[in-house]
Every structure is written in structure tokens, then in C-alpha cells.
Amino acid sequence: MKNFQRINNLLGWSVFAIALFTYAMTVEETASFWDCGEFIACAFKLQVPHPPGAPIFLLIGRMFSLLAGSDVTRVAYWVNMMSVLASAFTILFMFWTLTMLGRKIVAKSADTLTLGESIGVLGAGLVGSLIYTFSDTFWFSAVEAEVYAMSSFFTALVFWAMYRWELIEDESKANRWIILIAYLTGLSIGIHLLNLVTLPALALIYYFKKKQDPTLIGGIIALVIGVVILGIINAGIIPGIPAMAFSIENFSLTPSDCLTTRVLFSSLSCFSEPSFMGSGLLRKRKIPC
């Protein structure tokens, strides 16, 4: 079907518009329960929420909060709108990913699809993306200032980019997509760790793309490698870099630095009520030297 790609793009932006309208009409005007109020306040003032902090989420939220102008009562609304926009883009990339999966099932390029096959592929993309649009869990997080909407957007974007990479035959152009995928995965860590779960699946896609005659054993090995990479990043790099920085800083402290810190804590304890609580705290919390 010659016009498949154009229709695919138009339908993708159509489901994006449907999702954007739906979420914008039902967005929370103020702060929702649980972490939303914390994220809104921290994004507005660029402060640090509960661990691990979500710095990328807060920086983007800060930009959206500026749309409130001088009316601080609208800050919560605009930070919530960030999730609305991210969720609508999630639906867009999900649709395009589903149509690429449909083309893989029929094993044909876009130009060689028949009319019936095109209707089936595009229809599957529409049904899948719209079902997810109106699903309770996704809709719930799409209208409030939580990290899940932005994290879903990055997950959908990474999956779409990986399937786009698989379709490219030119290695020089394909490598650019690999760099983009790695960059997006790194950015997503600053939002939520959900995107790391895609690494085993991405390892399988990479294996089936590069291997001419894939086997079950090869697929299992690729899956295990993806899980190992996931473990190294999640249990090694993410907590390891801050721990290493703390160790270096703690090692560089001189005895005079430790003495200064102890004097500072002792001085602060004099103003506590009652004062003996401060000295008790100092006895319990020993400052490492």
C-alpha cells in the first residue's frame, strides 16, 4: 500500500489528539494525594523530594510551572499538564510501535502491504493504543504530577526507537539510533527506574537483528546478557557512583574537619529544648573520621 506511511502518521497523531483532549479535560486542577503535592512543590522551588529524587522530572516540571506566571495558584495545574502531555505522546509512540509489530507479523514492508493487511495492521494499532488510553491505571497517572506518566513516555519512546533501528539497513545511520536509545535510557533514570526493565527486551531485539540464524540458546543468552546489564546498572552504577563520591569525601576529611563538625553539633545542641537531647544525639551518632 503506497500511502501506508502517510496514513500511519495521520492515525498516530489522531490518537495523540484523542488522548491529549481526554486527559486535558480530566486533569487534576490542584494537588492529588500521596507524592503529587511533594513533586509539585519541589518542581516549583527546584528542591529535592524523597529518594531517588527524580531530577529530570523536576527540571521539566519547573519549566511547566513557569507557565503559571505570577499566579502561584495555577502552578499545580501546569505541573499536572506535564503528565498530560507526556501521556499523550506515550499513546502516539505506542501506536507507531504496534503498527511496526504488525508489519513484522505479516513480514512485509510498508509498500508491499495489501489493502486488507494495511487495515489489519492499522486497526490493531488503533485498538491497542486506544485501549491503553482509556485504561484505569494509565489514565489515573496521566492527570496528576507523578513520575509514572513521564516514565511511560520514555519507555514507549525507547521501544519505538529500537524498532526504528531494526528497520534501518545502513549501519552508519543505524548506529545513531543506538546512541539515541542509550541516551534516552540514561535520561529516564532521572525520572524513574521503570525504563531499565526494557533492557532485556532490547537485548533480544538486538540479537534477532544481528543474528542471521537465531536459535533458542542464542536467544536465552541474549536475554541473560540483558538481565546482567540491568543488574549492573541498577545495583552497581546507580547506587555505586554516589557511594563512591561519599567515600572519597569522607576519606578526604582531616582530623580538624571532624573537630569542627563536632563543635558545630555541640553548639547547636545548646539551643535545643531540652538541651540534654542534643548531647544524647551526639553520643549516639558518631561522626566518622
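Which hand does the crossing of helix 4 and helix 7 have, left-handed or right-handed? The points below, on a predicted model, begin with that pair of helices.

1. **Helix 4 against helix 7.** The crossing of helix 4 and helix 7 is left-handed. Helix 4 covers residues 75–106, and helix 7 covers residues 147–167. Their axes lie 8 Å apart, and the packing angle is about 30 degrees. Angles under 35 degrees count as roughly parallel, and helix 4 and helix 7 are therefore described as roughly parallel to each other. In the contact of helix 4 with helix 7, 16 residues are nonpolar, five are polar and four are charged.

2. **Helix 7 against helix 9.** Helix 9 spans residues 199–210. The axes of helix 7 and helix 9 come within 10 Å and cross at roughly 5 degrees, which makes this pair of helices roughly parallel as well. On the helix 7 side, the contact is formed by Val158, Phe159, Met162, Tyr163, Trp165 and Glu166. These residues meet Ala201, Leu202, Ile205, Tyr206, Lys209 and Lys210 of helix 9.

3. **The largest nonpolar core.** The largest nonpolar core has 61 residues. Those touching the most other members are Tyr23, Phe57, Phe93, Met150, Phe153, Trp160 and Leu202. Helix 4 gives the most to this core, contributing 15 residues. As for Trp160, its contacts beyond four places in sequence are Phe93, Trp96, Thr97, Met100 and Trp177. Phe93, one of these partners, is itself named among the core residues with the most contacts to other members.

4. Ser152 is located in helix 7. Its relative accessible area is 15%, so Ser152 is buried. Once neighbours within four places in sequence are set aside, Ser152 is in contact with Thr90, Tyr132 and Phe138. Ser188 belongs to helix 8, which runs over residues 171–189. Ser188 is buried because its relative accessibility is 3%. With neighbours within four places likewise left out, the contacts of Ser188 are Phe154 and Asn195.

5. Leu193 sits in the loop between helix 8 and helix 9. A relative accessibility of 32% places Leu193 in the partly exposed class. Apart from residues up to four places away in sequence, Leu193 touches Asn234 and Ile238. Leu193 and Asn234 are 41 residues apart along the chain, while their C-alpha atoms are separated by 8.1 Å.

6. **Positive phi in two loops.** Most residues other than glycine have a negative phi. Trp34, which is not a glycine, has a positive phi of about 65 degrees. The loop holding Trp34 lies between helix 1 (4–25) and helix 2 (36–45). At 79% relative accessibility, Trp34 is classed as exposed. Leu46, also not a glycine, has a positive phi of about 55 degrees. Leu46 is found in the loop between helix 2 and helix 3, the latter being residues 55–65. With a relative accessibility of 48%, Leu46 counts as partly exposed.

Methods
Residues numbered from 1 in each chain as written. Predicted model: local features only at pLDDT ≥ 70, side-chain atom pairs only at ≥ 80, totals over all residues. Heavy atoms only, no water. Core = buried A, V, L, I, M, F, W, Y, C linked by side-chain atoms within 4.5 Å. Buried < 20%, exposed > 50% of the residue type's maximum accessible area, 1.4 Å probe, protein only. Helix = DSSP H or I, 4+ residues; strand = E, 2+ residues; numbered from the N terminus. Contact = heavy atoms within 4.5 Å. Axes fitted to C-alpha atoms, helices over the stretch in contact; angles between N-to-C directions. Parallel < 35°, antiparallel > 145°, perpendicular 65-115°, else oblique. Left-handed = near helix turned anticlockwise from the far one by under 90°. Nonpolar A, V, L, I, M, F, W, Y, C, P; charged D, E, K, R; others polar.
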